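Dear colleague,

I am passing on the structure below, and after it you will find a short account of what was found in it. Please read the account with the structure open beside you.

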Amino acid sequence: MATVVVFALNEEEFLGLTIATILEAAFEAGGVGLDIIIVNDGSTDGTSGVIRDLERRYPFIRSIHHARNMGPGTGAKKAVEMAEFPKIIFMPGDNDLSKELLVQLFLSKDKA
């Protein structure tokens, strides 16, 4: 089991793809149980709506919303407090991490 913290600032276009990549990687790593926390760091596009849709679709997705950009440190601190599992992966919301890398991170999570 792992908590994945996804940082999003104006990621309306890519956030859904990021979540899909996380889910595929968790499945390929043997069905890793997930807790996903999305940190919306003051987005001014439709990121909030995408997050609401994802939260309705997946009960293991929760979010933090900042009215203005607070930087990743603020969101990371709150996400760590909220995390369901002690193994935490931080990643950007722009789908920049490959599925293969995420699979390796999930497979190695208990070795770290």
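Let me begin with lysine 109, which is buried, at a relative accessible area of 13% (buried means under 20% relative accessible area, exposed over 50%, and partly exposed in between, with a 1.4 Å probe and protein chains only). Lysine 109 forms a salt bridge with aspartate 110, their closest N and O atoms being 2.9 Å apart (a salt bridge is a side-chain nitrogen of Lys or Arg within 4 Å of a carboxyl oxygen of Asp or Glu). Aspartate 110, for its part, is exposed, with a relative accessible area of 57%.

Before going further, please note that this is a predicted model, in which local features need pLDDT of at least 70 and side-chain atom pairs count only at pLDDT 80 or more, while totals for chains, interfaces and linings use all residues. Residues are numbered from 1 along each chain as its sequence is written, and side-chain values use heavy atoms, with hydrogens and water left out.

The structure holds six salt bridges. In one of them the side chains of aspartate 53 and arginine 56 meet at 2.4 Å, N to O; because these residues are three apart in helix H2 (residues 47-57), about one helical turn separates them (helices, H or I of at least four residues, and strands, E of at least two, are DSSP runs numbered from the N terminus). Aspartate 53 is partly exposed at 44% relative accessible area, whereas arginine 56 is exposed at 62%.

Another salt bridge joins the side chains of arginine 62 and glutamate 84, at 4.0 Å, N to O. Arginine 62 lies in strand S3 and glutamate 84 in the loop between H3 and S4, so the pair ties together parts that are 22 residues apart in sequence. Glu24, Glu28 and Lys99, moreover, are linked in a network of salt bridges.

Turning to the sheet, there are four strands in an open arrangement, ordered S3-S2-S1-S4 with parallel pairing (two strands pair if DSSP finds at least two bridges between them). The edge strands, each pairing on one side only, are S3 (61-66) and S4 (88-92). Strand S1 (residues 2-8) and strand S2 (residues 34-41) run parallel and are joined by seven bridges, and phenylalanine 7 has valine 39 in S2 as its bridge partner.

With kind regards
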